[in-house]
Amino acid sequence: SIYEENNRHKKAIKQYEECLNKDKLPILHYRIARCYESLGDYSSATKHIDFAIEMDSTDYDYVIEKADLLYESGKYPEAIAEMTKYITYNPEFYGGYYRRGFYKDNTHDVDGAIEDYSMAIALEPQYAYAFLGRADMYRLKGEKDLAKQDYMKVIELDTVPSNVSCAQY
């Protein structure tokens, strides 16, 4: 973990693999996947996250990680399908809909993104990023009034611009 936290991912992978020789734990495959992701090796990362899912199919965070890996590696339809799988496991969590909306947003499925962002908003009406994503989609559709409403909501929810806020946009 210390190697990983200090961006020494190759050393971290080696240490995690040594741990795997002693105790086969899905979290170790997850950590290895994260290291490979940081190195830009999405194929190896996906292989290890698949091992983690195979070992513990009830930890849905592994499914989210796989969806993100697929998205980052340009496998957009597979990423959307994986996030859909996550949503079936956890339909009350706004984050799954937001993330799938983000994938759709970035693959030009404007109506699909609006639908997912709207569901995220229904489940968590204080999540400014969902309003921001939906506003951008409304703007692309030429629905300026709806876009403006959502942009104003972002400003209302996230009043202090910073590197991690929506208000900066």
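Reader: Which residues do ring pairs link into a cluster?
Author: The cluster consists of Tyr86, Phe93, Tyr94, Tyr98, Tyr117, Tyr127 and Tyr129. Rings of Phe, Tyr and Trp (its six-membered ring) pair if their centres lie within 6.5 Å; planes under 30 degrees apart count as stacked, over 60 as edge-to-face and the rest as tilted. This is a predicted model, in which local features need pLDDT of at least 70 and side-chain atom pairs count only at pLDDT 80 or more, while totals for chains, interfaces and linings use all residues. Residues are numbered from 1 along each chain as its sequence is written, and side-chain values use heavy atoms, with hydrogens and water left out.

Reader: How many aromatic pairs does the structure hold?
Author: The structure holds eleven aromatic pairs. In one of them, the ring centres of tyrosine 94 and tyrosine 127 are 5.0 Å apart and the planes stand at 55°, so this pair is tilted. The pair links distant parts of the chain, 33 residues apart: tyrosine 94 belongs to helix 7 (residues 94–105), and tyrosine 127 to the loop between helix 8 (110–123) and helix 9 (128–140). Helices (H or I, at least four residues) and strands (E, at least two) are DSSP runs, numbered from the N terminus.

Reader: Buried, exposed or partly exposed: what is tyrosine 127?
Author: Tyrosine 127 counts as partly exposed, at 23% relative accessibility. Tyrosine 94 is also partly exposed, with 23%. Buried means under 20% relative accessible area, exposed over 50%, and partly exposed in between (1.4 Å probe, protein chains only).

Reader: And what sort of pair do tyrosine 98 and tyrosine 127 form?
Author: Tyrosine 98 and tyrosine 127 form an edge-to-face pair, with 5.2 Å centre to centre and 85° between the planes. Tyrosine 98 lies in helix 7 and tyrosine 127 in the loop between helix 8 and helix 9, so the pair ties together parts 29 residues apart in sequence. Tyrosine 98 is buried, at a relative accessible area of 13%.

Reader: Turning to the core, which residues touch the most other members?
Author: In the largest nonpolar core, which has 43 residues, they are Tyr16, Ile32, Ile49, Tyr62, Met83, Tyr103 and Met137. A nonpolar core is a set of buried Ala, Val, Leu, Ile, Met, Phe, Trp, Tyr and Cys residues joined through side-chain atoms within 4.5 Å.

Reader: What is methionine 83 in contact with?
Author: Beyond its neighbours within four places in sequence, methionine 83 is in contact (heavy atoms within 4.5 Å) with Ile64, Ala67, Gly96, Arg99, Arg100 and Tyr103.

Reader: Where is isoleucine 13 found, and what does it touch?
Author: Isoleucine 13 is in helix 2 (residues 9–22) and is buried, at 5% relative accessibility. Not counting residues up to four places away in sequence, isoleucine 13 touches Ile32, Cys35, Tyr36 and Leu39.

Reader: Is lysine 66 buried or exposed?
Author: Lysine 66 counts as buried, at 16% relative accessibility. Its place is in helix 5 (residues 60–72). Leaving aside neighbours within four places in sequence, lysine 66 contacts Thr46, Ile49, Asp50, Ile53 and Glu82.

Reader: Finally, how many helices and strands does the protein have?
Author: The protein has ten helices and zero strands. The C-alpha atoms fill a box of roughly 60 × 30 × 25 Å, taken along the principal axes. Buried residues make up 41% of the 169 residues.
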